[in-house]
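Have a look first, then read on.

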Amino acid sequence: MAKVTFNELAINNLNDFVYGHAPKKIKFDNGMVIGGGTVYPEVNFTLPPMQVNKNTISKAYKQYKEMTEGVCQRAMELQVPGLVIEIELVPDMTFNPEWGIETTKIVKEVMNEYQDKNGLKSLLRITPVDVREGNDLEHMWRGKHWDLVMDTFKGCAENGADLLSIESVGGKNLHDDGVMFCDVAKTVFSLGIVAARDMEKLWENIVKIAEETNIIPAGDTACAFANTSMVLAVRGMIPTVFSAIDRVMCAVRTMIANEQGAIGPDKDCGYEGPYIKAITGTPISMEGKSAAVAHNSFCGNIAAAVADLWSNEAVENKRLLGGMTPEICTEMLVYDCRLMNQFTASGNNLLMRDMLVESDSRLDAHAYIMKPSVVLNIAKEIIKGKTHLERTKIAAKAAVQEIRKGFENGSLELNERELNYLNMIDSQLESIPDNEEEFIADMIENNTTEKFDPKKYDIA
Amino acid sequence: MDREILNELTVALQKGDAIKTQKFVKIALKKGYEPEQILTEGLVSSMNTIAEKFKKKQIFVPDLLLATRAMNAGIFILKPKLKKQLFSPIGKVLIGTIEGDLHDIGKNLVKVFLERAGFEVIDLGNDVPVNYFIEAIKKFKPQILGLSASLTTTMYGMRDVIKALEKEGLRENLLIVVGGVPITESFATGIGADIYDMDGTKVADKAKEKLKCSNF
């Protein structure tokens, strides 16, 4: 598929920017339409504490079968209009692609059974683990690690996956350092150059696999990037303004999947999703309050404002009073979606969206940059950039300006510490040279370490 | 002797400005301050203030890291001039993430806090096989081993490391600290770990305390 560059917003009007509706809705053979007006639950579950190896893999398969049965049963009882199940394969299931493929088959078989016997419409998203890390990584785009990831994608695509996603990690180590020091230049380099180049190669190949197998290349997420910042900010370790600006920069990176041909819905944990939707028009999956089973955030309501799928992130299989955790999460998501869809049916979806927005946006900078009006303002600036680096810098600068404006007009509360960091980030941004080659040379000289070898990205 | 230069040094360090910290250390030396005085009254006392502020959540991790970097830059100038080695690590820690687990930012943060507390930390990185831990323990002879896991499917790898240590006769003189998102107190106790805290920032203090009470 030819590369696309998004130079215009797909959504220009705030009234068109709402949950359930995406300009580029996706229709499936079973009748589900993502982005066509209905928000569906996307349930994600994982194994309880256990090791996965050749001695235990059959137990893991049994767990997945039981979890899927429980989720489908509960979804059927609650009369959902449609359901998405996501399996984020555990690392061993990508290191051993045959295990990931077998898991895909098992889960899909249960889903098909419920569809055939009970009319439960469902779709399966498979997310292999990006295992391209570690001391023995030869290169990001060739060698053993790359082959494992691609073999897993291909095998899962051929054996029941409807949607393909990944939480890709190109540039992550560098970004981790950037976050720990709130080092803006390093963060910009990791996202706008290193991660951007990796996303191009990675998604070009994922899209090819999806096309060959006639399934959907859905999208990526900045989980390894801005979610690290977000969680550290929630724990008070870094400023929330940094996590907010990082999130907006990550939108440029995640959108590269769409430039390469991904058509959504992107991955649930990509809180940059609203930017992807505004610019590309593709539907998005989001998570928020119902993902508190996996991690905390300060944006649990606002995350739903423009979501097309509503997810729980991931829950480990455990018994609680209400049943097994995947079933409980299903129920929580179903009720969230039912309420949002009812507001839509009654013509009040914009009211619902605004309540979701207003209940969070004032209290946290990361929540604030997810406000639909703010997203449109910033997205409008991002698309003016000609390169990924330029777009990343524009994203950061526009986020700084919007956050400052929000504080000054009383729409966002920030304390002095946060404001100091906002000023510091702003001045760091000013010091990044406009010349891309000069910037790359400087960054490589000062950041080539055991953890980041530019040669593995063909940069140098 | 006026203390103005030490005050300026304090401000530079607390701002995390390594270049100015070095500059003021050099000026202080020229003005005739003893290197030991610059170290204790300029660098160390400022760093202690920073650490206190961090504990009280008055500053962020980057502030702590930048101040640490500035302190080390100052020490770099002072080191050749110090009459005796004032700093010796309070203990040696070997740290790593369990095999199959590629998450390491939590482990990296704990490493920072351990170093800040005065430990020498040897970081084996992530995705570390059991035999690497064993070989590294034989080689580096640490008093503390830190194990990190962020997945429900890798957390039992910690138990495997502990069992292998027992088998090799290496467990006895070693404190084991475990941590990571899915780890709980009861899990830590159950696999035979010595130290656990849900809050990574508290691990260094606990390790210090436990090490004091042990004989190794």
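## Ground rules

Buried here means under 20% relative accessible area, exposed means over 50%, and partly exposed is in between (1.4 Å probe, protein chains only). This is a predicted model, so local features need pLDDT of at least 70 and side-chain atom pairs count only at pLDDT 80 or more, while totals for chains, interfaces and linings use all residues; side-chain values use heavy atoms, with hydrogens and water left out. Residues are numbered from 1 along each chain as its sequence is written, and chains are lettered from A and ligands numbered from 1 in the order in which they are written.

## Salt bridges inside chain A

A salt bridge is a side-chain nitrogen of Lys or Arg within 4 Å of a carboxyl oxygen of Asp or Glu. By that rule the count over all chains is 43. Let's start with A:Asp176 and A:Lys172, whose side chains meet at 3.1 Å, N to O. Both sit in helix H5 (172–181) of chain A, four residues apart, about one turn of the helix. (Helices, H or I with at least four residues, and strands, E with at least two, are DSSP runs numbered from the N terminus.) Are these two partners buried or exposed? A:Asp176 has a relative accessible area of 3%, so it is buried; A:Lys172, at 8%, counts as buried too.

A:Glu86 belongs to strand E4 (83–88) of chain A and A:Lys267 to the loop between helix H8 (240–259) and helix H9 (273–280), so the pair ties together parts that are 181 residues apart in sequence. A:Glu86 is buried at 0% relative accessibility, and A:Lys267 is buried at 0% as well. Both residues belong to a network of salt bridges that links A:Glu86, A:Glu88, A:Glu167, A:Lys267 and A:Asp268.

## A buried alanine

A:Ala291 lies in the loop between strand E8 (285–287) and strand E9 (309–311) of chain A. Its relative accessible area is 0%, so it counts as buried. Which residues does A:Ala291 touch, leaving aside its neighbours within four places in sequence? They are A:Ser311, A:Asn312 and A:Glu313, where contact means heavy atoms within 4.5 Å. For scale, A:Ala291 and A:Phe407 are 116 residues apart in sequence and 28 Å apart in space, C-alpha to C-alpha.

## Where chain B meets chain A

On the chain B side, 27 residues are in contact with 31 residues of chain A. The buried area, meaning the accessible area (1.4 Å probe) that two parts lose on being put together, summed over both, is about 2700 Å², and carbon and sulfur atoms give 61% of it. B:Phe60, B:Leu102 and B:Thr153 supply 27% of the area that chain B buries against chain A, more than any other three residues.

The rule finds two salt bridges across this interface. One of the pairs is A:Lys451 with B:Asp104, at 3.4 Å between the closest N and O atoms. The pair runs from the segment after helix H16 (436–447) of chain A to the loop between strand E1 (91–97) and H5 of chain B. A:Lys451 is partly exposed at 39%, whereas B:Asp104 is buried at 2%.

## The two domains of chain B

Nine residues of domain 1 are in contact with six of domain 2, and the area buried between the two domains is about 540 Å², with 73% from carbon and sulfur atoms.

How many salt bridges does the rule find across this domain interface? There is one. B:Lys55 pairs with B:Asp205 in a salt bridge, with 3.6 Å between the closest N and O atoms. Helix H3 (35–55) and helix H4 (61–78) of chain B each supply at least two residues of the side of domain 1 that touches domain 2, and the largest share, five residues, comes from H3(B).
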